[in-house]
Amino acid sequence: MRIRIVDAFTDRPFTGNPAGVMLLDAFPEDSWLQNVALEVNHAETAFAHPLPEGGEADWALRWFTPVTEVAMCGHATLATAHVLHTTGAHKGSVRFATRSGVLVAETAEDGSVTLDFPTAPLTAVDAPEGVAEALGAPVLAAFDTGPYVGDLLVELADERTVRALRPDHKALTTHSERGVIATARADDPAAGYDFVSRCFFPNVGIDEDAVTGSAHTALAPHWSQRLGRAALTGLQASTRSGLVRTEVRGDRTMLGGRAVTVVEGELLV
């Protein structure tokens, strides 16, 4: 069985968010999938297998962190679409059957991928007691991101504040199902992005994610409403960093980016 490591939401190796990708004939036992994800030890490992023709989806897709299965993952979906395209296993638009419904990925001839994901339903909430202290910065506004994302989205004062965060990850575990998304408007939109974010997911074994597609299904509608434009670009200001093109289309959000395969090998067990 072939296994690949793909850097997603980037066009350069060793940046963006790395994901493991395995194309299978069928899903083995969950314990095997979880053990492989633990061995790969990236934020997510994606497992996919083809479905019979004529159904609502072309491939079944699941995502595992090193410690648990998750309901939605953008960067590992992009990575899977990239592998399907570059290996010739599937061309053009591909429909994935997932725990978050049918998700569509469109790969252009130049290799760029656009994901069609559900827009996160944002609900304004009071900032939970202790979250500002855990982040180390005052919170201007807070939002629940709904069941598929499962994060607390918090807006901070400015880009500099987001970049400077050094959170207490253990203290963040009590504030949401998955984690906390911290965001602010870009200091200089001429730099090529409209907003910045960082994502902390200690509840699923990821203290800080590199570039989080699923988080942008919440970031995109938040900033689209604030900035008055449907199409925006977000920079996730992690150490590896990456850009996510977004466009809100009602209850769907388009997430665009590129990917690079950096490792390809054979799984021996």
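Let's start with a cysteine: Cys73 is buried, with a relative accessible area of 3%. The structure you are looking at is a predicted model. Cys73 is in no disulfide, and the nearest cysteine sulfur, which belongs to Cys199, is 11 Å away.

**Cysteines**

- Cys199 is buried too, with a relative accessible area of 0%.
- Like its counterpart, Cys199 is in no disulfide; the nearest cysteine sulfur to it is that of Cys73, 11 Å away.
- As a reminder, a disulfide is a covalent bond between the sulfur atoms of two cysteines.
- A pair of cysteine sulfur atoms has to lie within 2.5 Å to be called a disulfide, and the count for this structure comes to zero.

**Nonpolar cores**

- The largest nonpolar core has 48 residues.
- Those with the most contacts inside this core are Trp63, Leu78, Phe96, Ala105, Leu115, Ile181 and Leu219.
- Helix 2, covering residues 74-87, gives the most to this core, with six residues.
- Another core lies apart from the largest one and has 19 residues, among them Ala142, Leu156, Ala186 and Tyr193.
- What does Ile181 touch, if residues up to four places away in sequence are not counted? Its partners are Val149, Asp151, Leu152, Leu153, Val154, Ser197, Arg198, Cys199, Ala215 and Leu219.

**Helix 6**

- Ten of the twelve residues of helix 6 are buried, so this helix is largely enclosed by the rest of the structure.
- The buried residues are His216, Thr217, Ala218, Leu219, Ala220, Pro221, His222, Trp223, Ser224 and Leu227.
- Just after helix 6 comes Gly228, which takes a positive phi of about 75 degrees.

**Salt bridges**

- Side chains of opposite charge can pair when their charged atoms come close.
- How many salt bridges does the structure hold? There are 15.
- One of them joins the side chains of Glu264 and Arg2, at 3.6 Å from N to O.
- Glu264 sits in strand 18 (residues 259-266) and Arg2 in strand 1, so this pair ties together parts that are 262 residues apart in sequence.
- Glu264 is partly exposed, with a relative accessible area of 47%, and Arg2 is partly exposed at 36%.
- A further salt bridge brings together the side chains of Asp110 and Arg258, at 3.7 Å from N to O.
- This pair links distant parts of the chain, 148 residues apart: Asp110 is in the loop between strand 7 (101-107) and strand 8 (113-118), while Arg258 is in the loop between strand 17 (252-257) and strand 18.
- Asp110 counts as partly exposed at 48% relative accessibility, as does Arg258 at 31%.
- Arg229 and Asp194 also meet in a salt bridge through their side chains, at 2.8 Å from N to O.
- Here the partners are 35 residues apart: Arg229 is in the loop between helix 6 (216-227) and strand 15 (231-236), and Asp194 is in the loop between strand 12 (179-185) and strand 13 (195-201).
- Arg229 is partly exposed, with a relative accessible area of 39%, whereas Asp194 counts as buried at 12% relative accessibility.
- Salt bridges that share partners also join Asp30, Arg62, Glu69 and Arg99 into one network.

**Two loop residues**

- Thr15 is found in the loop between strand 1 (2-8) and strand 2.
- Is Thr15 buried or exposed? Thr15 is buried, with a relative accessible area of 11%.
- The side chain of Thr15 makes a polar contact of 2.4 Å with the side chain of Thr10.
- Leaving aside neighbours within four places in sequence, Thr15 is in contact with Asp7, Thr10, Arg240 and Ser241.
- Pro28 belongs to the loop between strand 2 (17-23) and helix 1 (30-40).
- With a relative accessible area of 30%, Pro28 is partly exposed.
- Pro28 and Ala237 are 209 residues apart in sequence, and their C-alpha atoms are 36 Å apart in space.

How values were computed:
Residues numbered from 1 in each chain as written. Predicted model: local features only at pLDDT ≥ 70, side-chain atom pairs only at ≥ 80, totals over all residues. Heavy atoms only, no water. Core = buried A, V, L, I, M, F, W, Y, C linked by side-chain atoms within 4.5 Å. Buried < 20%, exposed > 50% of the residue type's maximum accessible area, 1.4 Å probe, protein only. Helix = DSSP H or I, 4+ residues; strand = E, 2+ residues; numbered from the N terminus. Contact = heavy atoms within 4.5 Å. Polar contact = N/O pair within 3.5 Å; in protein donor to acceptor, adjacent residues only side chain to side chain. Salt bridge = Lys/Arg side-chain N within 4 Å of Asp/Glu carboxyl O.
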